[in-house]
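Dear colleague,

Please find below the structure that I am handing over to you, together with its sequence. My notes on what was found in it follow directly after.

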Amino acid sequence: MTAQTSAKRPPPAADIRPPAARRRARRPGFVTAALGLPVAFMAIVYAYPVGAMLLKSVTEPTAGFGNFTEAATDRTMWHVLWITVRMSAEVAVLTVLLGFPVAYFLARTSKRKARFLVLLVVIPFWTSILVRSFAWIVLLGDNGLVTKILEPLTGDGQGMLYSESAVIIAMTHILLPFPILIIKGTLDQIDASLPRAARSLGAGPVRAFAHVYLPLAVPAIVSSGMLVFVIALGFYVTPALVGGPKQSTIAVVIAEAVQVNFDWGMAATLATLLLILATALTMIVRRLTKVKGLVTL
Amino acid sequence: MSEQASAGVGAPVTDERPARPDPPAAAEDQVVFSGIHKWYGDALAVHDFNLAIRKGEFVTLLGPSGSGKTTSLRILAGLESATAGEVYLAGRAVTDDVPEKRNIGLVFQNYALFPHMTVAQNIAFPLKMRRMKKADAAREIDRVLTMTQLTEFRDRYPRQLSGGQQQRVALARAFVFDPSVLLMDEPLGALDRNLRDHMRLELKALQQRIGATVLYVTHDQDEALALSDRIGVMHRGVLQQTAPPHELYEAPVNSFVAKFLGKSICLPARRVEKGARTVLEVSGVDGRVLVEAGNDCSTADDAEFMIRPERLRISAERPDAADRNAARCTVAAHVYLGPQIEVHLRTAEGAELEAMVPAELRADFEVGSPHWLSWGPDDCRFLPRVD
């Protein structure tokens with residue numbers, strides 16, 4: 001290099017002092033401030049009641065884990081828990097099985113058509129669960145439409161109301177929009193050139209779907225299934241209206257504990273058990289179905 | 001052979017399907033497009049597309065977006081069906097084959113790597129689909145990983161790779177199964193300028209090493225010129241000209257090709273005499289302009305006069321040589337570009353044209369200074385106008 005460049009060397013290190021650390025007033029930003037409101041809201045309507053519930057479970061009627069031992073030794077409690085988990089799992093699997101093809105179709109059809117059809121999926125949300133459950137009572141009852149249609153097959157006019165099938169059908173209907181919307185959201189993100197690439201690389205349509213498309217949809221399938229499962233665990237209205245005494249879910253038993261027995265401590269205990277159950281199962285399923293290479297939510 | 005694919009309601013072409021052409025004569029033709037038409041509803045995307053690609057040849061389809069180049073490529077890949085015409089691969093008609101039966105390596109612009117598979121798994125995919133034995137597949141994968149310098153990344157997922165590395169994975173995945181032809185649709189389009197220039201060299205070297213037959217689609221003329229054995233220029237669904245790069249540049253067959261590839265000066269012109277040399281009247285140029293008969297490509301008398309700027313000689317005096325075309329002009333503007341200056345010249349009759357001049361001569365090209373332009377009859381061409 002020439003002399004000119006060397007003349008432009010930086011001054012000796014001793015002369016360099018780091019600039020005074022910049023100070024900027026650390027005022028809460030707009031986003032932080034805006035976050036305050038929902039946090040406060042959640043604290044009041046969510047954190048406090050859950051805390052109170054957890055507290056009640058170990059304080060009422062007397063301090064200690066008496067409620068838990070009572071619940072754990074009560075065979076009917078285990079049975080109720082088992083029915084709740086089983087029905088929720090069945091509903092979760094059914095909604096995903098029925099929802100995936102719909103979501104797949106919605107993701108592949110034209111944007112305009114999809115917008116309209118998504119509206120149709122969402123409309124039932126505008127109707128209350130109570131109304132929809134009552135509708136199933138009418139449909140599945142002894143002289144209901146479904147019963148009449150099925151009469152030539154079943155051979156009698158007996159409705160399937162107050163049975164496990166009735167609860168499953170009604171809950172599946174009510175919860176079906178969740179998997180459809182969640183899975184569609186993920187399928188929309190899948191690059192349309194991926195299945196095409198798979199085809200060009202020698203995969204037939206079935207193998208392209210199984211090896212490329214489906215694995216990419218697994219996170220959405222699992223998380224929507226989990227969501228339905230967790231919501232179903234706490235379902236009260238539908239099992240109470242459409243189901244019989246044999247279909248008492250844990251939510252029904254909790255309501256009974258409060259309304260009939262005035263046993264707040266037991267109700268809180270069962271609710272706590274439900275919370276623990278839902279959390280544990282969610283975490284296990286998440287861990288088991290991680291798809292490598294994908295950023296999951 | 002099934003009946004002609006539906007052209008859509010209201011398509012003008014319905015039963016005009018050309019008689020099925022004979023299979024390609026030349027045995028070394030790896031890919032043959034024969035009379036391919038593609039209609040989308042009543043919009044014509046590709047019109048009478050004919051192209052033969054020899055084994056080991058690198059052919060590029062060059063054209064602006066919407067010119068039908070990608071559609072042609074997708075018809076060969078089987079991702080689109082042709083409305084009419086036939087495609088042959090290695091001497092076999094594949095027009096009605098599904099994509100997975102064609103044995104074609106396809107590189108997408110966005111790479112289309114499978115995000116849930118590692119580099120090695122992505123490359124293994126086509127081998128797995130062909131039910132290759134595990135041990136053989138492993139050997140093939142190692143081979144292409146080495147060739148594309150990806151060995152150390154074999155267990156990474158696509159999102160952990162840079163754009164250039166993803167590009168190499170896409171390439172490796174497309175040729176690992178020894179396809180009859182490699183198709184690339186703007187494969188360098190998503191990379192930044194420097195990386196693109198580098199990958200261009202790498203791509204060419206790799207293609208020559210594996211002796212692959214390549215059909216490449218791009219709108220970037222530098223890429224086409226640097227990579228291709230032959231370039232086909234497409235415009236509005238029509239293949240305008242197919243030729244080696246230098247021929248395409250030196251001897252374009254119409255004004256679209258001349259303007260699309262490199263810089264050119266095109267002026268409306270009329271032919272007044274035909275002979276050993278065509279005599280033209282060029283709008284904006286005083287007097288007659290002579291064009292070598294071999295450079296007269298137009299059937300119509302009204303067409304375009306074309307010359308490459310670097311063929312123009314600029315001098316202070318009118319050149320003496322009798323058969324040199326000459327025009328007087330003045331400098332309208334100039335732009336300093338470092339090694340060169342771009343001079344905008346205006347002829348006395350009002351035609352505007354640009355020329356490049358070495359930067360050290362810039363003192364001679366002040367705005368308003370007069371000059372003479374001259375060129376030989378073999379430097380310019382008379383071309384049909386295609387806009």
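Does Arg236(B) count as buried or exposed? Arg236(B) counts as exposed, because its relative accessibility is 61%, and the cut-off for that class is over 50%. Please bear in mind throughout that this is a predicted model.

Backbone of chain B

Arg236(B) also deserves a look for its backbone. Its phi is positive, at about 50°, although the residue is not a glycine. Most residues other than glycine have a negative phi. Arg236(B) sits in the loop that joins strand E9 (230-235) to strand E10 (238-243) of chain B.

A second residue of this kind is Tyr111(B), which is not a glycine either and has a positive phi of about 70°. Tyr111(B) is placed in the loop between strand E6 (104-107) and helix H2 (119-129) of chain B. With a relative accessibility of 6%, Tyr111(B) counts as buried, since the limit for that class is under 20%.

Chain B overall

Chain B contains eight helices and 20 strands. Its C-alpha trace spans about 75 × 55 × 35 Å along the principal axes. Of the 387 residues in chain B, 53% are buried. Among the contacts in chain B with a separation of 6 or more, 67% are between residues 24 or more positions apart.

An unreviewed UniProt entry carries the annotation "domain: ABC transporter" for residues 31-261 of chain B. Over residues 31-261, chain B is 36% helix and 26% strand, with its end C-alpha atoms 25 Å apart.

Annotated spans in chain A

For chain A, the UniProt annotation "transmembrane region", again from an unreviewed entry, covers residues 29-48, 87-107, 116-139, 159-187, 208-237 and 264-285. Two of these spans are described here. Residues 87-107 of chain A are 100% helix and 0% strand, and their end C-alpha atoms lie 29 Å apart. Residues 264-285 of chain A are likewise 100% helix and 0% strand, with 32 Å between the end C-alpha atoms.

Helix packing in chain A

Two packed helices are described by the angle between their axes and the distance between the axes. In chain A, the axes of helix H10 (residues 193-200) and helix H11 (residues 205-233) come within 9 Å and cross at roughly 140°. H10(A) is therefore oblique to H11(A). The crossing of H10(A) and H11(A) is right-handed. On the H10(A) side, Leu194(A), Pro195(A), Ala198(A) and Arg199(A) take part, and they meet Pro205(A), Ala208(A), Val212(A), Tyr213(A) and Leu216(A) of H11(A). By class, this contact of H10(A) with H11(A) has eight nonpolar residues, one charged residue and no polar ones.

Helix H6 (residues 129-140) and helix H7 (residues 145-154) of chain A form another pair, with axes that come within 4 Å and cross at roughly 35°. Here Val138(A), Leu139(A) and Leu140(A) of H6(A) meet Leu145(A), Val146(A) and Thr147(A) of H7(A). The residues of the contact between H6(A) and H7(A) comprise five nonpolar, one polar and no charged.

Finally, helix H13 (residues 250-259) of chain A is largely enclosed by the rest of the structure, because seven of its 10 residues are buried. The buried residues of H13(A) are Ile250(A), Ala251(A), Val252(A), Val253(A), Ile254(A), Ala255(A) and Ala257(A). They pack against helix H4 (75-108), H11, helix H12 (237-242) and helix H14 (264-288) of chain A.

With kind regards

Technical notes. Residues are numbered from 1 along each chain as its sequence is written. Chains are lettered from A and ligands numbered from 1 in the order in which they are written. This is a predicted model: local features need pLDDT of at least 70, side-chain atom pairs count only at pLDDT 80 or more; totals for chains, interfaces and linings use all residues. Side-chain values use heavy atoms; hydrogens and water are left out. Axes are lines fitted to C-alpha atoms, for helices over the stretch in contact, and angles run from 0 to 180 degrees between N-to-C directions. Helices (H or I, at least four residues) and strands (E, at least two) are DSSP runs, numbered from the N terminus. Angles under 35 degrees count as roughly parallel, over 145 as roughly antiparallel, 65 to 115 as roughly perpendicular and the rest as oblique. A crossing is left-handed if the near helix is turned anticlockwise from the far one by less than a right angle, and right-handed if clockwise. Contact means heavy atoms within 4.5 Å. Ala, Val, Leu, Ile, Met, Phe, Trp, Tyr, Cys and Pro count as nonpolar, Asp, Glu, Lys and Arg as charged, and the others, Gly among them, as polar. UniProt positions are given in the numbering used here, feature names are shortened, and annotations may be inferred rather than shown by experiment. Buried means under 20% relative accessible area, exposed over 50%, partly exposed in between (1.4 Å probe, protein chains only).
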